[in-house]
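I opened my notebook for a look at pockets and overall fold. Here is what I looked up, entry by entry.

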Amino acid sequence: MLVKTKAIVISSLKFQEKSLIVKCFTLSSGLKSYFVRDAFSSRKASQKIAYFQPFSILEIEAVHKNKGTLENFKEIKTAVPFQSIHTDIVKSTMVMFLSEMLHYSIQEEEKNEQLFLFLETALTWLDHHDEISNFHLILLLEITKYLGFYPDLSDIDLPFFEMNEGVFTVFHNSTALSEHETTLLKKLIELKFDNSQKIFNVSERQILLKVLIDFYSSHLEGFKRPKSLDILKEIFS
């Protein structure tokens, strides 16, 4: 079936010497993987590979056989031409980390239009702003709304957050955050991208990042700790 759709690049993996396997989150069909033959061998190789940087937003025409095998692009062009995301070292490190988080988080080949539109809007915001130190934290928390495990805010005034159940509680058990961690999470829940990015210091952001990764781990089967996490910590230290 020939499909025209927007697609967000989640990951690209070199295959043998000349080709790529590209995983995309598409507007029309959710998660799809594509085989790009001879990506490194043509005269326009660098131009072709540039399409497949983490979180590039593309307009694609592709053949979807929907048989669980690799699909094939027929045509690719940039849908949202970023100005800074792939050239600014902080932003590029951040999107590398976030795309890896999504690589381990979005596991089903099913349409999730609202998540796609949220990501597109968020990435466009990131490209146009410089105060971004909390962007990755806000994004990861917001994504849990679309993946089905956003914190239940019914009892948000209670002092502890229980990770497995995703609820605020009066009891502190082995899977609950400390009172300090819970207070930081409550602050994060209230934040939007346009809020002051200086609300947390470096150590508080590190605590929240660990909390969010643990939260993902407790709710997503097969979730892995991103390899790029250490690079992100170094950038923000």
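For residue classes, I count Ala, Val, Leu, Ile, Met, Phe, Trp, Tyr, Cys and Pro as nonpolar, Asp, Glu, Lys and Arg as charged, and the others, Gly among them, as polar. With those classes, I find eight nonpolar, seven polar and three charged residues in the lining of the largest pocket.

A note on the source: this is a predicted model, where local features need pLDDT of at least 70, side-chain atom pairs count only at pLDDT 80 or more, and totals for chains, interfaces and linings use all residues. Residues are numbered from 1 along each chain as its sequence is written, and side-chain values use heavy atoms, with hydrogens and water left out.

Next, the pocket itself. On a 1 Å grid over the protein atoms alone, a pocket is an open set of points where a 1.4 Å probe fits, with protein on both sides within 12 Å along at least five of seven lines; lining residues have an atom within 4 Å of a point. I counted 18 lining residues for the largest pocket, with Ile 10, Ser 11, Ser 12, Leu 13 and His 103 nearest its centre. Strand S1 (2-15), strand S2 (19-26) and helix H2 (89-105) each give two or more residues to this lining (helices are DSSP runs of H or I with at least four residues, strands of E with at least two, numbered from the N terminus). H2 gives the most, with five residues.

Then I checked the whole chain. I see seven helices and seven strands, in the order β-β-β-α-β-β-α-α-α-β-β-α-α-α from the N terminus. Its C-alpha trace spans about 60 × 35 × 30 Å along the principal axes.

Last, burial: 46% of the 237 residues count as buried, meaning under 20% relative accessible area with a 1.4 Å probe and protein chains only.

How values were computed
Buried < 20%, exposed > 50% of the residue type's maximum accessible area, 1.4 Å probe, protein only.
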